[in-house]
Amino acid sequence: AAVAGDFGALAVSDRFTAMPYVYLSPGISRVADRAAATLAVRSEDFDPPVRTVVEAPPDTDLPDPGAPPAEDRTVSVRRRPGETEVVVTTGAERMLVSTDAFARGWRAFVDGQATPVRPANLVGMSWRVPRGRHAVVFRYAPVSFTAGCAVSGATLLALVLGSVARRRPRSAA
């Protein structure tokens, strides 16, 4: 039996079906910040497969939260380390939601065009997907990793140049 209850900041409830790794959300609830998202996901009527809580400023272009039901489906999902490619077909503009943890280093592309990554349901992430068939790629490429690679490369280059300079014969004066 599952443990259910309220454990301070964490609420645990029974759920007998697992959420898919990625899914097209038929409805959204826009909230301004993490505090509002916390309240929304802790409410009694929160149902993630039906309505996704998306953190986004009021002027952000998101799908109509009351969009009519449509034929939506995930055609394929291909995962590689640090990158996932999803092909979806939607009958209306939707939010594609991933249960991967949201972090600032995620980048997303719909048909090759960059699209904003939004926090979803407190822990996941989401992207706006227009009506039709689309390839969505999301990859984890944090700035800290790129900066670390640049510093490591510069350090390696300095070591190689220093080693070469030390081995050069000194000219007699």
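**Hairpin of β11 and β12.** I began with the hairpin of β11 and β12, where three residues lie between the strands and Asn121 takes a positive phi near 55°. I am working from a predicted model, in which local features need pLDDT of at least 70, side-chain atom pairs count only at pLDDT 80 or more, and totals for chains, interfaces and linings use all residues. Residues are numbered from 1 along each chain as its sequence is written, and side-chain values use heavy atoms, with hydrogens and water left out. For strand names I rely on DSSP runs numbered from the N terminus (E, at least two residues, for strands; H or I, at least four, for helices). I noted that strand β11 (residues 118–120) runs antiparallel to β12 and is joined to it by three bridges; two strands pair if DSSP finds at least two bridges between them. The bridge partner of Arg118 in β12 is Ser126.

**Strand β12 and its other neighbour.** I then looked up how covered β12 (residues 124–129) is, and found five of its six residues buried, where buried means under 20% relative accessible area, exposed over 50%, and partly exposed in between (1.4 Å probe, protein chains only). Five bridges join β12 to β8, again in antiparallel fashion, and Leu96 stands opposite Trp127 of β12.

**Ser98.** I placed Ser98 in strand β8 (residues 94–98). Is this residue, Ser98, buried or exposed? Ser98 counts as buried because its relative accessibility is 1%. A polar atom of the Ser98 side chain lies 3.0 Å from the backbone nitrogen of Asp100; I take a polar contact as a pair of N or O atoms within 3.5 Å, where within protein one must be able to donate a hydrogen and the other to accept it, and where residues adjacent in sequence count only if both atoms are side-chain atoms. Leaving aside residues up to four places away in sequence, Ser98 touches Tyr21, Val22, Gly124, Met125, Trp127 and Phe138, with contact meaning heavy atoms within 4.5 Å.

**Aromatic residues.** I counted three aromatic pairs in the structure, the rule being that rings of Phe, Tyr and Trp (its six-membered ring) pair if their centres lie within 6.5 Å, with planes under 30 degrees apart counted as stacked, over 60 as edge-to-face and the rest as tilted. One of them is the tilted pair of Trp106 and Tyr140, at 5.4 Å centre to centre and 55° between the planes. This pair links distant parts of the chain, since Trp106 belongs to strand β9 (residues 106–110) and Tyr140 to strand β13 (residues 132–140), 34 residues apart. Trp106 counts as buried because its relative accessibility is 11%, whereas Tyr140, with a relative accessible area of 41%, is partly exposed. Trp106, Trp127, Phe138 and Tyr140 form one aromatic cluster. I also noted Arg79 over the face of Tyr21, at 3.7 Å from the ring centre; a charge sits over a ring if NZ of Lys or CZ of Arg is within 6 Å of the ring centre and within 35 degrees of the ring normal.

**The five-stranded sheet.** I traced an open sheet of five strands in the order β6-β7-β13-β9-β10, with antiparallel pairing. Its edge strands are β6 (73–80) and β10 (113–115), each of which pairs on one side only. Within the sheet, eight bridges join β7 to β13, and Val137 of β13 is the bridge partner of Glu85.

**Thr89 and Thr90.** I compared two residues of β7 (residues 83–90), starting with Thr89. Thr89 and Glu71 are 18 residues apart in sequence but 7.8 Å apart in space, C-alpha to C-alpha. Where does the side chain of Thr90 reach? It reaches the backbone oxygen of Pro130, at 3.0 Å. Beyond four places in sequence, the residues that Thr90 touches include Leu24, Val129, Pro130 and Arg131, and those that Thr89 touches include Leu24, Val75 and Arg133.

**Whole protein.** Of the contacts with a separation of 6 or more, 66% are between residues 24 or more positions apart.
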